[in-house]
Every structure is written in C-alpha cells, then in structure tokens.
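Thanks for coming, everyone. Please have a look at the sequence and the model on the screen, and then I'll walk you through some of the geometry.

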Amino acid sequence: MKEERESKWPSWLPIRSELSDLIPYGAPQISGVIALNTNENPFPLPSAVVEQVLNVLPKVLENLNRYPDRDANELRGELAKYVTKISKVAISDKNIWAANGSNEILQTLFLACGGRGALGFLPSYSVHPLIAKTTGVRWIGAEREGNFELNLGEAITQIASERPGLTFLTTPNNPTGNITGIDDLEKLAIATRAVDGLLVVDEAYAEFSSEPSAVTLIASYPNVVVVRTMSKAFAFAGVRVGYAVCDPSVVLAMLVTRLPYHLSSPTQALALVALANSELLLAEVSAIVLERERVRMELTEMGFKVSPSSANFLLFAGFKKSAKITWEELVASGILIRDVGLEGFLRVTIGLPVENEKFLTAIDRYRP
Ligand SMILES: *Cc1c(COP(=O)(O)O)cnc(C)c1O
C-alpha cells in the first residue's frame, strides 16, 4: 500500500489534490534592507508625475461608486499608441488587452488557450509553470543549453511533437538575462503556427534591450502574443498594470476568461498618467543600463562568472561559499538579492548607484 503523505492542510479543507504540495509564490519581502531581488525600477516616481496623479485623483474618487470601464478602452488606446511609437508598427486598441500585471494576462491566456498544454524553455520565469499548475494545464518543461541559450532546432522539434496550445519564450529571459533574437522568434512563430498554437513572448524587460520587439511579427503571424508590463521599466510595480499585444481574435478569447471589471478605475487612471509621461519615466532606463554594465564589469573583475544580460538584473556565479550561504549572509548584512534556485547562481537587480556600491562591497568578500 502507498503510504499516505502527511499533508500540511487540515483534512476538512478541500484543496485540489494537484495543488496540495504548492506553497505561495513570492520572493521574501523584508523591511530595512536594500532590496535588489524583484527587478523593480529603483527610482521613485518623479514629482512631476506624482503631481499629475494628484490632479486626476479627485475625479476618480468621486466616481468610485461606479464600476470601472470594463474594457479599459481609453487605456488600451494609449497603450496602443505607446507600443506603436516604440516598435514603429501600427498597433490599435483592438490589438491590446490590459490587466493587473502581466501575471494576470498570463493567467487569462492559460485559461483561454491552455487546452493542449503549454511548453516553456527552462530556466525561465517560474510563474509560467506555476500558472499552468493552478489552471490545470499540462506543462512541458524543455531545457535550454548549459549557457542558457535556446537550442532553436530542438525547440522547433519539441513544438512539432508536443503540439502545445501555448509556447512560452521570455526575452530578455528571466532569471538569466539573455535574449532570443527576432529571427529566431520568427522561426518559433512559424513552428507554433504549424501546430495551431500561440507563441507567447514574455517581454517584461523589453525596454532594457535594444532588440526589436516581437510585436513587429504580429501582422504576419497572428499567433504571436506579446506580453508586457509597466512593473519594470516604467517604475510602476505598485500599481499592477500589464498588457498583451496580439491579434484582435486573441483579445476576444481573453475577454471570455477575464473577470468582469478586473481593472480598477484608480489603476486605469494612474496608468494613463504614466503613459502620458512615458518619456520621462523611461529616461531612467538608460541610467539603469549604464549601471548594469558598471556592476557587470566590477563583478567580472572580482572573478565572478556573469551571464550576459539585456535586462535590469545580472545572474552570476563563482562564490567562495555556496550560493545559499552567500545569500543568507548577504541578507544578514542588509542586502537582499535573489536565490532563483539555479545551482551555484544568484541574481541581483540593478538598484540606485549607492545601493549597487553597497552590494559590490558586500559581495567582494565572496569572490572566488
Ligand atoms: C516581473 C515579470 C512578470 C510579471 O510582472 P507583473 O508585475 O505581473 O506585470 C512577467 N514576466 C516576467 C518574465 C517577469 O520577470
């Protein structure tokens, strides 16, 4: 007889059996430390933007008795203009869906199109397989090369043999930082189209990279869905706004699985202010990229092995002690970085110059 495993749940709680081993996702949130663990933009909102938020709030607050615009029409229009501007391809509001962070976009997609399973190339964003599990979608975890590059030939073979409804590709990839170029994405778009599947390109860090966005593929490949967020480059993580750029029929499919009135009116109003100030907010991106290159050089000089990154974080290895102990001792000294569960590696988010300096001083003790 199979031994019953002891469950952490009370016996009266009817949690679904496939979820009973899971723990809530999330990096530690610790106060009083330098937080370089969740890839936020370290710059606080500029005061000019704070002022504009305060100007729009009274009207939003007066109308809180009413449900928000259920289809977020104005916001989708402004997101379309922003995407058109940065990608130089015509995107309309019908190509856009918006939600409470790109994680909600991902969940909506899993619910709508996960029927034939979902494929991803690991290591990558661990929330993809997690949402697969919570939405009851079969997850197929394929592997990247030892240097975290995608093996394109193998990926295309796997798509053809598994025939997934959803194929996920994160670029720049999290937690590794490397990109998949637009030519390879096009080949993946062709491979997924051949099996009537969607290619979901998670571009959470696109603004930190100079590679063209996969939104340039949508007109030719309507099965390409690009998922983006205002949490990282836009310095808007606390507001929770993410969006999909895709063919209008994918938007209609997502409308079926979204919750009614999911995006609050304050959220929509604040996102509009941020988009009206996109140039000001995104000006910080180049400062972060410069800091990334400086931190990369310093870590390399200390003897660490640093993975190439086109995002706002660095994955690095080569600690004198184990990654786990290094992480713990750094936390004890007031610096919180991320143990992403990759043997021998830790990930650090690029912070303010003064924070990066403290991190570099602390990590120097662990050089190989
Ligand atoms: C941070 C992140 C997201 C989620 O961001 P939201 O805050 O939910 O918009 C999605 N994908 C990747 C790869 C990320 O790193």
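**A loop, two sheets and a helix pair**

Let's start with Phe148, which is found in the loop between β4 and α5. Helices here are DSSP runs of H or I with at least four residues, strands are runs of E with at least two, and both are numbered from the N terminus. This is a predicted model, where local features need pLDDT of at least 70, side-chain atom pairs count only at pLDDT 80 or more, and totals for chains, interfaces and linings use all residues. Residues are numbered from 1 along each chain as its sequence is written, and side-chain values use heavy atoms, with hydrogens and water left out.

Back to Phe148. Its phi is near 75 degrees, a positive value in a residue other than glycine. Now its ring. A pair of aromatic rings is described by the distance of the centres and the angle of the planes. The rule covers rings of Phe, Tyr and Trp (its six-membered ring) with centres within 6.5 Å; planes under 30 degrees apart are stacked, over 60 edge-to-face, and the rest tilted. By this rule the count comes to 10 aromatic pairs. Phe148 and Phe345 have ring centres 5.4 Å apart and planes at 65 degrees, so they are edge-to-face. That pair links distant parts of the chain: Phe345 sits in strand β12, 197 residues from Phe148.

Which sheet holds β12? An open sheet of 3 strands, in the order β9-β10-β12, with antiparallel pairing. Two strands pair if DSSP finds at least two bridges between them. The edge strands, β9 (305-306) and β12 (345-349), each pair on one side only. Between β9 and β10 (residues 313-317) there are 2 bridges. Lys305 has Ala317 of β10 as its bridge partner. Helix α9 (residues 278-302) lies across β9 and β10, at about 10 degrees to β10. Such angles run from 0 to 180 degrees between N-to-C directions, with axes as lines fitted to C-alpha atoms, for helices over the stretch in contact. Contact means heavy atoms within 4.5 Å.

Next, the sheet of 7 strands. It is open and mixed, in the order β2-β8-β7-β6-β5-β3-β4. Its edges are β2 (96-99) and β4. The twist averages 25 degrees from one strand to the next. Inside the sheet, β3 (residues 118-122) and β5 (residues 166-170) pair in the parallel sense over 3 bridges.

Two helices to note here. Helix α2 (residues 73-87) lies across β2, β7 and β8, at about 115 degrees to β2. Helix α4 lies across β4, β5 and β6, at about 160 degrees to β4.

Stay with α4. How does it pack with α3? Helix α3 (residues 101-113) and α4 (residues 127-134) meet at about 45 degrees, with axes 10 Å apart. That makes α3 oblique to α4 (under 35 degrees is roughly parallel, over 145 roughly antiparallel, 65 to 115 roughly perpendicular, the rest oblique). The contact involves Asn103, Leu106, Gln107 and Phe110 of α3, and Val127, His128, Ile131 and Ala132 of α4.

Last, two prolines. The peptide bond from Leu122 to Pro123 is cis, omega near 0 degrees. Pro123 is in the loop between β3 and α4. The bond from Asn174 to Pro175 is also cis, omega near 15 degrees. Pro175 is in the loop between β5 and α6.
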